[in-house]
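The following paragraphs lead the reader through one protein structure, step by step. Please keep the sequence and the three-dimensional view at hand while reading.

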Amino acid sequence: MSRHRFLRRFGAVAGLALLIPIAVTVPPAAAEPQGGPTADRVVAAQAGVPLDRLSVSTTQVAFGLQRPTAIIAPDDGSGRLLITEKGGTVRTYHPDTGLASAPLLDISARVDTSGNERGLLGIATTPDFATTRTIYVVYTALPDGAVTLSRFQLSSADQNPVPATGEQVVLSQPHAEYSNHNGGHIAFGPDGYLYWGIGDGGGSDDVLNTGQNLDTLLGKILRLDVNRSCGENSYCVPADNPFVETAGARAEIWAYGLRNPWKFSLNQADGSLWIADVGQGTYEEINHLRDGGAGANLGWSCREGPQVFDPARCQAGADYIEPVYHYQTSVDGCAVVGGYVYRGREFADIATGTYLATDYCSGTAFAVRPTEDGSGYETRALAELTIQPTSLGEDENGELYLVNDLPGQLHKISFEAEPAPAACSVSYRVDSQWGTGFTTTVQLTNTGSQPVNGWTVGWTFAGTQRATQWWNAVGSQQGTAVTARNAAWNAAIPAGGTVSFGFLASSSGANPAPTAFTLNGSACG
């Protein structure tokens with residue numbers, strides 16, 4: 001589900017690198033058909049506090065899963081989640097009853113689990129599942145690891161268990177050379193078509209040379225009409241797929257130039273496509289294709305993240321889509337795990353429009369949000385969610401969940417808004433000074449529109465000053481760092497209000513005034 005040696009890369013601390021999304025033109029080599037149009041508009045966030053005030057946490061709600069790989073919520077009003085396990089089983093979770101012990105579906109006899117990255121990898125249910133009653137799964141099939149898309153037609157939406165004998169194979173992609181880079185995520189878009197991500201075939205360095213080649217399904221996002229059959233195929237190719245008329249190209253391809261797209265999501269509000277692509281060893285990346293990205297070229301293996309990886313794979317005049325966000329592999333994480341744009345109700349006022357992803361090794365929550373003016377993206381690392389996360393998912397209300405690998409747990413994700421920093425100004429006045437000491441009055445003014453309830457003012461002495469006695473405040477000093485906290489009687493400062501406090505200090509040399517102050521940890525004017 002990630003890169004070669006997925007499990008051996010642990011313990012990185014995540015960090016951020018922000019890129020504004022642009023198309024990059026790379027000069028060398030001969031030309032090939034370009035990847036097609038991508039939108040140049042950015043869908044602004046619908047709501048939400050600034051990312052520097054957004055925090056995220058998880059609450060474990062179930063355990064006992066066996067290497068979970070994907071989470072989905074069927075569109076049937078049942079309130080349940082379906083969770084795939086690597087070995088070939090689908091488990092059911094409901095907030096009221098917990099994790100069911102017996103699997104909903106068991107195809108383990110058909111699943112090739114050799115190598116860390118093979119197994120049952122993806123699941124999707126048809127829109128209006130209560131009526132359509134069809135489950136799609138993606139797995140690596142015995143005997144040779146072919147990445148396989150299958151469907152199961154249920155007799156009723158609540159049929160349990162689902163007989164494995166009802167399987168109909170829709171499409172299979174050979175994948176015998178290497179066990180890694182299978183992709184495997186599937187999802188229905190707002191257009192009703194099924195999208196499917198497949199890795200580049202494995203190994204390293206795109207050894208099969210699939211990323212930029214349109215004659216293979218490896219290293220691609222596919223778009224299929226699974227509601228119909230065409231000829232011998234158990235699906236049809238939508239007429240507006242970007243390469244339908246391109247000679248030598250597979251018509252199923254929607255976007256290409258991917259190494260191992262470990263999770264993508266389609267924003268149901270605007271049709272945009274978010275793709276997390278696991279890197280070779282330098283960069284992990286997140287891509288945002290704003291109008292769905294028909295024909296988009298994500299760059300692999302000409303590019304990895306923001307830089308050229310293999311110049312020999314670059315095509316003259318080709319447009320490669322820059323990631324909207326990237327971070328360093330083996331420094332800030334090891335394998336990006338794609339997520340979702342939050343669209344739930346519980347945290348709608350603070351998190352709507354925020355895309356949340358994570359990383360298998362660091363567990364860091366990465367938040368990405370288009371700016372309101374459409375000029376770029378805000379990004380921030382929010383917190384460590386949990387160890388070894390493998391997939392995020394949504395429930396039927398748009399609330400986010402997460403599963404992790406060897407712990408085998410299901411977690412619910414929560415957001416919280418940190419208080420906005422108070423607007424303030426500080427006046428610092430030395431009242432008297434003598435050979436070895438001085439007294440000072442500090443005046444703190446609340447210049448904001450909201451009251452301050454409890455205050456701590458901080459600053460750093462530039463000389464050898466040492467505060468020894470305080471009035472109207474509780475003060476302390478560590479080295480040159482000074483903090484002054486409110487007394488019991490002056491904790492509240494109304495909007496426009498002022499509080500004064502002072503101290504006696506010793507000084508054996510020059511006595512310059514501090515140049516910067518903080519209020520409750522934030523900079524103060």
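Predicted model: local features only at pLDDT ≥ 70, side-chain atom pairs only at ≥ 80, totals over all residues.

A disulfide is a covalent bond between the sulfur atoms of two cysteines. The angle about the S-S bond is 90°, and the link of Cys 302 and Cys 314 is right-handed. Cys 302 is placed in the loop between strand E19 (283–289) and strand E20 (303–304), while Cys 314 is placed in the loop between strand E21 (307–308) and strand E22 (318–321), so the pair ties together parts that are 12 residues apart in sequence.

The mean pLDDT, which is the predictor's confidence in each residue on a scale from 0 to 100, is 90 for the protein chain, and 91% of its residues reach 70 or more. Residues 1–45 have a pLDDT below 50; in the model this stretch has 155 contacts beyond near neighbours in sequence.

How many disulfides does the count give? The count comes to 4 disulfides. When the bonded cysteines are counted along the chain, the disulfides follow the pattern 1-2, 3-4, 5-6, 7-8. One of the disulfides joins Cys 334 to Cys 361, with an S to S distance of 2.1 Å. This link of Cys 334 and Cys 361 is right-handed, with 80° about the S-S bond. Since Cys 334 lies in the loop between strand E23 (325–328) and strand E24 (336–341), and Cys 361 in the loop between strand E25 (355–359) and strand E26 (364–370), the pair ties together parts that are 27 residues apart in sequence. Cys 334 and Cys 361 are both buried.

Another disulfide is formed by Cys 230 and Cys 236, whose sulfur atoms are 1.9 Å apart. With 100° about the S-S bond, this link of Cys 230 and Cys 236 is right-handed. Are its two cysteines buried or partly exposed? Cys 236 counts as buried, because its relative accessibility is 0%, and buried means under 20%.

With its neighbours within four places in sequence left aside, Ile 413 is in contact with several residues, including Val 56, Thr 58, Phe 347 and Leu 356.

Thr 58, one of the contacts of Ile 413, belongs to strand E3 (residues 54–63). Thr 58 has a relative accessible area of 23% and is therefore partly exposed. Apart from neighbours within four places in sequence, Thr 58 is in contact with Leu 385, His 411, Lys 412 and Ile 413. Between Thr 58 and Ile 198 there are 140 residues of separation in sequence and 29 Å in space, C-alpha to C-alpha.

Attention now turns to the aromatic rings. A pair of aromatic rings is described by the distance of the centres and the angle of the planes. The count comes to 25 aromatic pairs. In one of them, the rings of Tyr 428 and Phe 503 have centres 6.3 Å apart and planes at 45°, so the pair is tilted. This pair links distant parts of the chain, with Tyr 428 in strand E31 (residues 424–434) and Phe 503 in strand E39 (residues 498–506), 75 residues apart. Tyr 428 is buried, at 15% relative accessibility, and Phe 503 is buried as well, at 0%.

What arrangement do the rings of Trp 455 and Phe 501 have? Their centres are 5.4 Å apart and their planes are at 20°, so the pair is stacked. Here too distant parts of the chain are linked: Trp 455 lies in the loop between strand E33 (452–453) and strand E34 (456–460), and Phe 501 in strand E39, 46 residues apart. Trp 455 is buried, with a relative accessible area of 1%, and Phe 501 counts as buried at 1% relative accessibility. Tyr 428, Trp 455, Phe 501 and Phe 503 are among the members of one aromatic cluster, which also includes Phe 438 and Trp 459.

Charged side chains also meet aromatic rings. The charged end of Lys 263 sits over the ring of Trp 262, 4.3 Å from its centre. Arg 259 lies over the face of Trp 300, at 5.6 Å from the ring centre.

Methods: Residues numbered from 1 in each chain as written. Heavy atoms only, no water. Contact = heavy atoms within 4.5 Å. Phe/Tyr/Trp six-rings, centres within 6.5 Å; stacked < 30°, edge-to-face > 60°. Helix = DSSP H or I, 4+ residues; strand = E, 2+ residues; numbered from the N terminus. Buried < 20%, exposed > 50% of the residue type's maximum accessible area, 1.4 Å probe, protein only. Lys NZ or Arg CZ within 6 Å of the ring centre and 35° of its normal. Disulfide = S-S within 2.5 Å.
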